[in-house]
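Hi,

Here is the structure I promised to pass on. Have a look at it first, and then read on for what I found.

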Amino acid sequence: MKVKKVCVLGAGAMGSGIAQVCATAGYEVWVRDIKQEFLDRGKAAIEKNLQKAVSKGKMTEEKAKEILSRIHFTLDMEEAVKDADLVIEAVPEIMDLKKQVFAEVQKYAKPECIFASNTSGLSITELGNATDRPEKFLGLHFFNPPPVMALVEVIKGEKTSDETIKFGVEFVKSLGKVPVVVKKDVAGFIVNRILVPYLVLAIDDVEKGVATKEEIDATMMYKYGFPMGPIELSDFVGLDILYHASQQWDIVPQSKLLEEKFKANELGMKTGKGFYDWS
Ligand code: CAA
């Protein structure tokens, strides 16, 4: 299937980043969110990224304008979904919310439209089964920041057809990214099944006073060569995402400190404060 219009649901760090990647690859993109301020913030993030590339001489001003002109921002679900060939959902990591969103999407989507979720690890099978097209439903899991991270997990739910997986692989390649097919729909897929327990265990180390957050980060960065230590990466990924994972996936340890941070709305870089101060 030839993709012309991509609809991205959610203008947060992931949604706006995915929209930028798709528009850079030449697709027309509609980004939909529920509040104008979320759309404005997403648009500003994309503009900043493109401007940075221009100022570094990696992109011309014209190219940046052209990419931006392919991204349309709207509050209207019908406008966003109508005629889309692919819908990529990037709303908060709450199963019921995602199901509600897809229930609305399918009112306006054409029958051949492929549905994808950027979930960090919720069941693709369960999400797909809640729609009218489980065979055309797959996971397309990008990593933060989407414009930089090369990997995209392409996840098969129990009823996802081979044709849909093939479509996902080709689409990811068309973005200049590297697809990896996840054949079994386990919580967290390949990456987050390993990464999220690691991050929450590092948070548990902070809570238990095993070492300071700076020491824990330095250990993993300088000894293991990771670009960010686990506490900084937790702030970068978003403590809400880790908290929701700890509530919904049985492989993630519970953490009182993580819960406290979540309830205090100290979610990391996105709110200016998490374990570190980002303001
Ligand atoms: N958006 C777009 N581009 C960004 C960016 C952002 N938020 N942050 C950095 N960049 C770009 C920079 O512009 C720069 O681009 P050029 O090479 O073209 O100049 C490049 O990334 C490197 O950035 P910096 O030199 O500023 O900084 P850095 O070398 O420290 O790299 C980083 C920053 C790429 C974020 C790096 O620290 C890193 O790789 N961190 C780990 C990120 C990671 O593990 N992500 C996965 C998280 S897990 C996840 O997302 C899954 C989930 O479901 C929870």
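How do the side chains of arginine 70 and glutamate 66 meet? They form a salt bridge, with 2.9 Å from N to O. Keep in mind that this is a predicted model, and that every number below is computed from it.

Glutamate 66 has another partner too: lysine 63, where the closest N and O atoms are 3.8 Å apart. That still makes the list, because the cut-off for a salt bridge is 4 Å. Glutamate 66 and lysine 63 sit 3 residues apart in helix H3 (residues 61-69), about one turn of the helix.

How exposed are these residues? Arginine 70 counts as buried, because its relative accessibility is 11% and the limit for buried is under 20%. Glutamate 66 is partly exposed at 35%, and lysine 63 is also partly exposed, with a relative accessible area of 35%.

Then there is a pair elsewhere in the chain. Aspartate 85 forms a salt bridge with lysine 110, and their closest N and O atoms are 2.7 Å apart. Aspartate 85 is in the loop between helix H4 (77-81) and strand E4 (86-89), while lysine 110 is in the loop between helix H5 (95-108) and strand E5 (114-117), so this pair ties together parts that are 25 residues apart in sequence. Aspartate 85 is buried at 6% relative accessibility, whereas lysine 110 is partly exposed at 23%.

Now the ligand. There are 18 residues around the ligand, and those that come nearest are Lys56, Lys58, His141, Asn144 and Asn192. Some polar atoms to check in your viewer:

- Lysine 56 has a polar side-chain atom 2.6 Å from a ligand oxygen.
- Asparagine 192 has a side-chain N or O atom 2.8 Å from an oxygen atom of the ligand.
- Serine 120 places a polar side-chain atom 3.0 Å from a ligand oxygen.

On its own the ligand has 1,000 Å² of accessible area, and the protein covers 63% of that.

What is the shell around the ligand made of, by class? It has 10 nonpolar, 5 polar and 3 charged residues. Helix H2 (36-55), helix H8 (191-208) and helix H10 (230-237) each supply at least two residues of that shell.

Over to you!

Definitions and conventions:
Residues numbered from 1 in each chain as written. Predicted model: local features only at pLDDT ≥ 70, side-chain atom pairs only at ≥ 80, totals over all residues. Heavy atoms only, no water. Helix = DSSP H or I, 4+ residues; strand = E, 2+ residues; numbered from the N terminus. Buried < 20%, exposed > 50% of the residue type's maximum accessible area, 1.4 Å probe, protein only. Near = heavy atom within 4 Å. Polar contact = N/O pair within 3.5 Å; in protein donor to acceptor, adjacent residues only side chain to side chain. Areas by Shrake-Rupley, 256 points an atom, 1.4 Å probe, with all protein chains shown as cover. Nonpolar A, V, L, I, M, F, W, Y, C, P; charged D, E, K, R; others polar.
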